[in-house]
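Student: I have a model open and some terms to sort out. Can we go through them one by one?

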Amino acid sequence: MFEKGNRGNTLHGILLITLFSFAAFYIAEIPFVKRLSFSPLIVGIILGMLYANSLRNRLPETWVPGIKFCTKQVLRAGIVLYGFRLTLAQVFAVGLPAIVVDAIVVGGTLLLGVWLGRLLKIDRDTALLTSTGSAICGAAAVLGAEPVVRCEGHKTAIAVSTVVVFGTISMFLYPVMYRSGLLDGLGDMGVAIYTGSTLHEVAHVAGAGNAMDPTDALGIAGTATITKMIRVMMLAPVLVIMGIVLSGRKRGAGGKLGKSKIAIPWFAFGFIGIICLNSLLQYLLGVDSVKEIPLNGAIEYLDTFMLTMAMTALGTDTSIDKFKQAGAKPFLLAALIYVWLVGGGYLLSRYLVPAMA
């Protein structure tokens, strides 16, 4: 990829994605876009898709390795750095109810999504990516699962699209349910855990939490965000298990049980290692928030930019024809999963949280 004769063309591809990513950051700061809680990652994939359906054919093929570099190496580095947003202290701050509800939601969503995917006759990769995005942390989870699943870029983009649609709906729906009294039976802690354990993106949780509890006087906004972060931490073990399961299936299909290697996503261990390092730094420095750790803000900005590059690069490989080929089934799958998240998450928060509090 970076051989002497091809180095310049590869760098051209990376530079193209970098310029698109800068544009995504700028657009994400526009007030209208901000109100929708569209992060630079989401804007990036939209820009990439617009490019794929307009000027993509004019891109020199020699630049493609640079774009692939962004969807692989840059992506994995971004997932590892994502760990700087989390600490083990966040787990203990909320306690056992949030951990248990998160674990049930994540496990249940993955199993349900895979089963529904088979029922709807959706290809395994799309079903698994869509389920992972809904189960854990939206686009970042889809990106994390992509190197493990090893699928085509347009399938990743389709999964991300479902997350954007239903996550955005939730961000407006949950405050409406809260204001109308539909969530009164949960209590403040239950509402917070319900929100954090079922909404797709971290941005969606923050938006809905702030809409319900703007000053965090009731503890809803803060607890919802921490519950969501605990869910994000589950990304690493899920990726490891996913790598082992998928490897086992491939061995069974090929009939070579002894020669096939288990595809362990090593970047997932890097993700866990960074969380532990961040926790140690927080303890040594005696600060209350990860944002108070020196350079943490700069690292988070760099990480967001790297993930935006990966999303944009994936978008450039996604044309309308590929969406037509996939059909409406992935969105039907996401809708059915969404019903489980809204309904099942409510029941878990209504009956399980009080019993464990």
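Tutor: Confidence comes first. In the protein chain of this predicted model, the mean pLDDT (the predictor's confidence in each residue, from 0 to 100) is lowest in helix 16, residues 320-326, at 70, and highest in helix 6, at 94. The chain averages 83, and 89% of the residues score at least 70. Helices here are DSSP runs of H or I with at least four residues, strands are runs of E with at least two, and both are numbered from the N terminus. The model is predicted, so local features need pLDDT of at least 70 and side-chain atom pairs 80 or more, while totals for chains, interfaces and linings use all residues. Residues are numbered from 1 along each chain as its sequence is written, and side-chain values use heavy atoms, without hydrogens and water.

Student: Over which residues is the pLDDT below 50?

Tutor: Residues 251-260. Beyond near neighbours in sequence, that stretch has six contacts in the model (contact means heavy atoms within 4.5 Å). Where pLDDT is low, the predicted coordinates should not be read in detail.

Student: How many helices and strands are there?

Tutor: The protein chain has 17 helices and zero strands.

Student: Why are helix 6 and helix 7 called roughly antiparallel?

Tutor: Two packed helices are described by the angle between their axes and the distance between the axes. Axes are lines fitted to C-alpha atoms over the stretch in contact, and angles run from 0 to 180 degrees between N-to-C directions. Helix 6 (residues 96-119) and helix 7 (residues 124-135) pack at about 155 degrees, with axes 8 Å apart. Under 35 degrees counts as roughly parallel, over 145 as roughly antiparallel, 65 to 115 as roughly perpendicular, and the rest as oblique. Helix 6 and helix 7 are therefore roughly antiparallel.

Student: What makes up their contact, by class?

Tutor: Six nonpolar, six polar and no charged residues. Ala, Val, Leu, Ile, Met, Phe, Trp, Tyr, Cys and Pro count as nonpolar, Asp, Glu, Lys and Arg as charged, and the others, Gly among them, as polar. Helix 6 contributes residues including Val106, Leu110 and Gly113. From helix 7 come Ala127, Leu128 and Ser131, among others.

Student: How do helix 7 and helix 9 pack?

Tutor: The axes of helix 7 and helix 9 (residues 153-179) come within 9 Å and cross at roughly 35 degrees. Asp125 of helix 7 and Lys155 of helix 9 are among the contact residues. By class, this contact has four nonpolar, six polar and two charged residues.

Student: What makes helix 8 largely enclosed?

Tutor: Buried means under 20% relative accessible area, exposed over 50%, and partly exposed in between (1.4 Å probe, protein chains only). Eleven of the eleven residues of helix 8 (residues 139-149) are buried, so helix 8 is largely enclosed by the rest of the structure. Just after helix 8, arginine 150 takes a positive phi of about 60 degrees.

Student: Is glutamate 146 buried or exposed?

Tutor: Glutamate 146 lies in helix 8. Its relative accessible area is 2%, so glutamate 146 is buried. Leaving aside neighbours within four places in sequence, glutamate 146 contacts Thr71, Lys72, Leu75, Leu129, Cys151 and Thr156.

Student: Why does tyrosine 178 count as buried?

Tutor: Tyrosine 178 sits in helix 9. Its relative accessibility is 16%, so tyrosine 178 counts as buried. Not counting residues up to four places away in sequence, tyrosine 178 touches residues including Leu183, Met212 and Ile220.
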